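Morning, everyone. Please have a look at the structure while I talk through side-chain packing.

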Amino acid sequence: MRFVIQIVKNAQVVSDGELTGKIGRGYAVLIGIGKEDTEEIADKMTDKMLKMRINADENGKTNLALKDVGGSLLLVSQFTLYADYHHGNRPNFLNAAAPDLAVPLYEHIIARCRSAGYDVQTGIFGADMQLTLTNDGPFTIVLDSDEFIK
C-alpha cells in the first residue's frame, strides 16, 4: 500500500465533473492499493499517517500530528502509484489491486479515519478525477507499506 501525503492549506477533488470533496487545512492523500494488501496493512498505514508528527508547531518544528492542528483529510484512490516501468516506456499496473480488493480497502481506510474523529472528504473510486490543492511548505511524504510493514 502506498500513501502520498501532502500537507495542504486547501484541496478539492472533482469526480466525473462533480465536486465530491473539499477541505481546508489538512492532508490530501493519494492512496494506492496493491494486490497483496490486507485490512491489517491498511490499519497500520492509516494509524501511521494519523500519528505522524509532520505539522509545524509554534517554533516551525515538525512536531504536531494532524489532530493537533485540527486538520481534515481528502482521500483519493490512485492505482497509478503502482506503475511499473521496468520493461519499456509504457507503464503496467499489474501490482495494483483489482477493484474487488481495492474498493473495500479504500472504504475501510475512509471509515477508519472517520471513526478516529476526522473530517474526511473523498473522490470516487475509478472516476475521472481532477485534484486541486495548495501544498503547504511544500511538504509531501511517501508512505510505503513495503518499507515499514513486514
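**Rings and cores**

Start with a charge over a ring: the charged end of arginine 2 sits over tyrosine 82, 4.1 Å from the centre of its ring. Keep in mind that this is a predicted model.

Now the aromatic pairs. How many does the structure hold? Two. Take phenylalanine 79 and phenylalanine 93. Their ring centres are 5.0 Å apart and their planes stand at 75°, so this pair is edge-to-face. Both residues belong to the loop between E6 and H2, 14 residues apart. Phenylalanine 93 is partly exposed, at 28% relative accessibility.

Next, tyrosine 106 and phenylalanine 125. Here the centres are 6.1 Å apart and the planes are at 50°, so the pair counts as tilted. Tyrosine 106 is in helix H2, and phenylalanine 125 is in the loop between strands E7 and E8, so the pair ties together parts 19 residues apart in sequence. Is tyrosine 106 buried or exposed? Buried, with a relative accessible area of 4%. Phenylalanine 125 is partly exposed, at 30%.

On to the cores. The largest nonpolar core has 30 residues. Phe3, Met49, Leu73 and Leu75 have the most contacts inside it. Strands E1, E3 and E6 each give two or more residues to this core, as do helices H1 and H2. H2 supplies the largest share, six residues.

What does methionine 49 touch beyond its neighbours within four places in sequence? Phe3, Ile5, Tyr27, Val29, Leu73, Cys113 and Leu143.

Conventions. Residues numbered from 1 in each chain as written. Predicted model: local features only at pLDDT ≥ 70, side-chain atom pairs only at ≥ 80, totals over all residues. Heavy atoms only, no water. Core = buried A, V, L, I, M, F, W, Y, C linked by side-chain atoms within 4.5 Å. Buried < 20%, exposed > 50% of the residue type's maximum accessible area, 1.4 Å probe, protein only. Helix = DSSP H or I, 4+ residues; strand = E, 2+ residues; numbered from the N terminus. Contact = heavy atoms within 4.5 Å. Phe/Tyr/Trp six-rings, centres within 6.5 Å; stacked < 30°, edge-to-face > 60°. Lys NZ or Arg CZ within 6 Å of the ring centre and 35° of its normal.
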